[in-house]
Amino acid sequence: MSSTGDSAEENSLEDMSYEEIRELSPNELVRISPVRHHPSKTPPEED
Amino acid sequence: MSIDDFRSLGSPPPDGADYLHYDPPVLLFMSSTYDEGELGSLIAKLLYGIHNYGDGEDWVEILRFDYNPSSEMGHDELHADVVREDEKAETLSRKELEDDASIPVPRESYYYPHFVASYTRDKWARFVEEYEKDKGMRRYRK
């Protein structure tokens with residue numbers, strides 16, 4: 001996944017509290033999360 | 001689907017984010033903790049990508065579930081918040097979720113993540129369409 005441009009402390013979900021995760025920006029949340037693709041769909045081809 | 005059916009679903013949904021759609025990009029993020037077999041906390045967020053898939057990413061939160069009876073920031077009853085501009089715009093109560101869902105809200109909190117994942121995977125398109133309508137755009141096509 002590409003960087004989102006948010007402040008980028010090197011955190012992982014396992015190390016974060018409920019409160020910290022709840023307050024994360026969506027971009028930061030995606031940046032530190034394991035992201036899984038839909039098994040029945042192929043992502044669009046990237047140019 | 002009955003309450004008993006939740007017991008056959010096995011392990012709770014894993015932490016992380018799952019793509020539900022690519023054009024526009026839509027993710028379901030989930031994080032849950034357990035303590036001695038009891039659900040300690042649950043956060044689930046439906047995320048909408050303002051970007052096009054494959055480009056630089058910019059996500060917004062459009063729906064949030066948060067459950068944590070032991071936190072001042074948490075809640076002790078399952079509900080969903082519709083989110084706009086990072087602020088809660090509407091709350092769907094447990095009863096409203098139950099009326100809307102095709103499966104019952106479990107009595108045991110252990111199965112809340114199972115319910116939330118199932119509900120959101122079933123209903124995400126409606127929340128995306130409502131968000132796009134609020135924003136005056138139409139990217140999602142069935």
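Of the 47 residues of chain A, 19% count as buried (20 or more other C-beta atoms within 10 Å of a residue's own; exposed means 12 or fewer, partly exposed in between, with C-beta atoms placed from the backbone). This is a predicted model, in which local features need pLDDT of at least 70 and side-chain atom pairs count only at pLDDT 80 or more, while totals for chains, interfaces and linings use all residues. Residues are numbered from 1 along each chain as its sequence is written, and chains are lettered from A and ligands numbered from 1 in the order in which they are written.

Chain A has 2 helices and 1 strand, in the pattern α-α-β. Helices (H or I, at least four residues) and strands (E, at least two) are DSSP runs, numbered from the N terminus.

An open, mixed sheet is formed by 7 strands in the order β1(A)-β1(B)-β2(B)-β3(B)-β4(B)-β5(B)-β6(B); two strands pair if DSSP finds at least two bridges between them. At the edges stand β1 (35–36) of chain A and β6 (87–92) of chain B, each with a single partner strand, so one side of each lacks a neighbour in the sheet. Within chain B, strands β4 (residues 59–67) and β5 (residues 80–84) run antiparallel and are joined by 2 bridges. L63(B) stands opposite V82(B) in β5(B).

Two loops of chain B hold non-glycine residues with positive phi. E36(B), with phi near 50°, sits between β2 and β3 and counts as exposed because it has 5 C-beta neighbours inside 10 Å. E85(B), with phi of about 55°, lies between β5 and β6 and is exposed, with 8 other C-beta atoms within 10 Å.
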